[in-house]
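I am opening a notebook on a structure that is new to me, and I will write down what I look up, one topic at a time.

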Amino acid sequence: FAFHASESGQFLVARAEVVNSAGALLYVQDWLGESYCAAENNSTGVPSVTTAEGVGLVSANSLLLVTNDAPAGSFGYYISSLTPGNTLGAGGSSGRICVSGSVGRHIDGVAPVEPDGTFRYQPDLSSMPTSPNVAVMAGDTWHFQLWHRDAAPMGMATSNFSLPVRVTFH
């Protein structure tokens, strides 16, 4: 098989040959995800920011969430919802939660933030952890945000949230 991207980078053509026959797949990838809402500074002095990488095609199941500028070593996990929100100080945190409604907690991805302040996670789009679990469908717009431990002034433990990203799937 072979891959080729168009000059603009917007088209990806894949070619595969299987026992005397050939096929091709053309996929158009629009911008994957956009920020919305707001984020408060964490103990690093800046807000953490979540972005989405991969392909927005549900059947590819290749979404990768990446958050930068989170406090190194702090534990966190992603939350997600079909419904956006905007609540400052949710649950006594120092941050702003930007999801609401039926919120999924991706606790299978609980981990410490890497030493460079990065946190990565690949959700399973076939089983989003809402109540009950649901599969992402083409046309759905999901909202993702990292919820992480943090230190408040005076060294007190708290939590904070990243700038979220919303992704519309195809």
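**Entry 1: the chain as a whole**

What percentage of the 170 residues in the protein chain is made up of buried residues? I looked this up first, keeping in mind that the model is predicted, and found that buried residues account for 38% of them. I then went through the secondary structure and noted 15 strands and zero helices in the protein chain.

**Entry 2: strand β13 and its partners**

Which strands pair with β13, and in what sense? I began with strand β7 (residues 75-81), which runs antiparallel to strand β13 (residues 141-151) and is joined to it by six bridges; within this pairing, I found Ile79 opposite Gln145 of β13. Strand β14 (residues 157-161) is also antiparallel to β13, with five bridges between them, and here I noted Ser159 in β14 as the bridge partner of Arg149. Strand β15 (residues 165-168) pairs with β13 over four bridges, again in the antiparallel sense, and I recorded Val167 in β15 as the partner of Trp142.

**Entry 3: His148**

I stayed with strand β13 to look at His148, which has its place there. Is His148 buried or exposed? Its relative accessibility is 1%, and because the limit for buried is under 20%, His148 counts as buried. Setting aside residues up to four places away in sequence, I listed what His148 touches, including Asn42, Ser48, Pro71, Phe75 and Gly76, as well as Ser159, Asn160 and Phe161.

**Entry 4: aromatic rings**

I searched for aromatic pairs and the structure holds four of them. The one I followed up is Tyr77 with Trp147, whose ring centres are 5.9 Å apart and whose planes stand at 55°, so the pair is tilted. Because Tyr77 lies in strand β7 and Trp147 in strand β13, this pair ties together parts that are 70 residues apart in sequence. I checked the accessibility of each residue in turn: Tyr77, at 17%, counts as buried, whereas Trp147, at 27%, counts as partly exposed. I also noted that Tyr77 and Trp147 form one aromatic cluster together with Phe161.

How many disulfides does a search of the whole structure find? The search gave one, formed by Cys37 and Cys98 with their sulfur atoms 2.0 Å apart.

Last, I looked at Ala38, which is found in the loop between β4 (34-35) and β5 (49-53) and is partly exposed at 29% relative accessibility. Leaving aside neighbours within four places in sequence, I found Ala38 in contact with Arg96, Cys98, Leu163 and Pro164. I also noted a separation of 9.9 Å between the C-alpha atoms of Ala38 and Thr87, which are 49 residues apart along the chain.

Terms used:
Residues are numbered from 1 along each chain as its sequence is written. This is a predicted model: local features need pLDDT of at least 70, side-chain atom pairs count only at pLDDT 80 or more; totals for chains, interfaces and linings use all residues. Side-chain values use heavy atoms; hydrogens and water are left out. Helices (H or I, at least four residues) and strands (E, at least two) are DSSP runs, numbered from the N terminus. Buried means under 20% relative accessible area, exposed over 50%, partly exposed in between (1.4 Å probe, protein chains only). Contact means heavy atoms within 4.5 Å. Two strands pair if DSSP finds at least two bridges between them. Rings of Phe, Tyr and Trp (its six-membered ring) pair if their centres lie within 6.5 Å; planes under 30 degrees apart count as stacked, over 60 as edge-to-face and the rest as tilted. A disulfide is a pair of cysteine sulfur atoms within 2.5 Å.
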